[in-house]
Amino acid sequence: MTENVGTVIVGGGQAGLAVSYYLTQHGRDHVILEGASRAAEAWRNHRWDSFTLVTPNWLTRMPGAEYQGADPDGFLPRDEIIAYFEEYIERFKLPVRYGVRVTSVEPKEAGYLLHAGEAQVEAANVVMATGLFQQPRIPHFGANLPAEIQQLHSSEYRNPGALPPGAVLVVGSAQSGSQIAEELYQSGRKVFMSVSRAGRGPRRYRGKDITWWLDKIGFFDMTVDKLPSPKAKFSSSIQASGARGGHTINLHQFARDGVVLLGRVQGVEAGKIVLAPDLLENLARADKFEADLLKRIDDYIKEAALDVPPSSLPELRDGYEAEVIRMLDLKLAGVTNVIWATGYRFDFGLVNLPVVDEDGYPIQKRGITGYPGLYFVGLPWLHTLNSGLLSGVGDDAAYIVSDIVARG
């Protein structure tokens with residue numbers, strides 16, 4: 001039997017739920033098909049125990065459930081994020097079907113046919129809300145590591161005590177990598193860290209959380225056409241942390257505290273990690289990113305004639321004193337664990353249409369494709385940086401739903 005539904009949303013994360021909210025408000029027939037068995041799967045099973053959002057609570061803006069609590073400047077911990085989404089689904093009676101994994105979306109003369117196991121669903125509209133963070137990405141040369149080394153993707157890491165004794169190599173220094181490395185070394189672990197090209201910003205600046213300023217200067221609202229290249233959509237996230245009330249992440253401080261900073265991992269040879277000589281270059285990029293960002297904020301303050309106090313940030317340079325290591329012998333270094341904070345792969349191949357570009361990213365304009373009734377939502381830089389965040393996913397969801405409603 002083939003079921004007929006007005007709109008099928010593929011994926012029950014924040015983007016899919018936001019679209020469902022607006023379709024519900026319009027009284028439109030729809031269903032969310034979610035492969036996981038419970039709500040908030042990514043937050044529930046793919047984040048470490050001490051995880052918090054890196055944006056303050058006031059930026060939690062799911063449509064109809066904008067944050068109204070007593071701690072707007074705090075940072076929601078993992079368990080509260082899970083509860084937030086569970087309550088969101090229940091409050092608005094969103095039609096989520098769990099344990100239903102869509103395997104293909106095929107065009108029909110009038111609409112689309114979706115396959116999910118033995119089930120088939122026909123729909124006039126399909127909204128792809130599976131996001132970019134679909135499968136953990138681990139370099140192929142990880143298979144060359146000695147068998148006794150435990151390897152985890154950052155999505156599998158839980159806490160320092162869950163790792164075997166010994167030093168830890170963290171590969172990647174964007175949000176996940178930097179936060180995990182900090183937790184590990186502060187717990188007493190010896191940490192080696194492969195530094196990526198991620199930028200840095202202070203947690204607070206001139207009396208406000210940095211995200212307050214980012215919001216004011218339009219950082220989150222910059223549109224995709226302003227990026228220097230299409231591949232810039234995939235740039236690393238800024239080093240930041242909301243743990244312990246929120247604080248600055250600075251790799252120079254890591255070096256001062258004893259973390260051994262390394263360049264980019266290039267391969268594995270006979271139990272040794274081969275490293276690029278780009279450590280100092282990557283540290284300089286992070287420093288420059290922060291300096292450029294603060295200049296933008298200072299310029300905004302001056303132009304807006306705001307009466308705010310100046311800030312004096314510590315000028316740390318400890319990382320530049322680090323030895324540039326080209327080969328790390330894991331056994332000699334005592335490394336027993338490698339955590340790959342190397343991001344995720346994405347694949348929209350289940351949509352049987354030529355709907356992605358050479359990078360595999362959907363070809364669309366603010367989520368609307370060239371195929372009537374086929375949409376994408378919840379991807380960073382779908383329209384703006386905000387498109388992939390809790391603070392902005394609702395705007396794109398509303399835009400897409402307005403098109404669905406106009407289609408009749």
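Predicted model: local features only at pLDDT ≥ 70, side-chain atom pairs only at ≥ 80, totals over all residues.

A residue is called buried under 20% relative accessible area, exposed over 50%, and partly exposed in between, using a 1.4 Å probe and protein chains only. Residues are numbered from 1 along each chain as its sequence is written, and side-chain values use heavy atoms, with hydrogens and water left out.

Aspartate 396 has a charged partner: its side chain forms a salt bridge with that of arginine 366 (3.0 Å, N to O). The term stands for a side-chain nitrogen of Lys or Arg within 4 Å of a carboxyl oxygen of Asp or Glu. Arginine 366 sits in the loop between strand S18 (344–345) and strand S19 (374–376) and aspartate 396 in helix H9 (residues 393–406), so the bridge ties together parts 30 residues apart in sequence. Helices (H or I, at least four residues) and strands (E, at least two) are DSSP runs, numbered from the N terminus. Arginine 366 itself is partly exposed, at 21% relative accessible area.

Now turn to another pair. Glutamate 3 and arginine 97 meet through their side chains in a salt bridge of 2.7 Å, N to O. Because glutamate 3 belongs to strand S1 (residues 2–10) and arginine 97 to strand S3 (residues 96–98), this pair links parts that are 94 residues apart in sequence. The count of salt bridges comes to 19.
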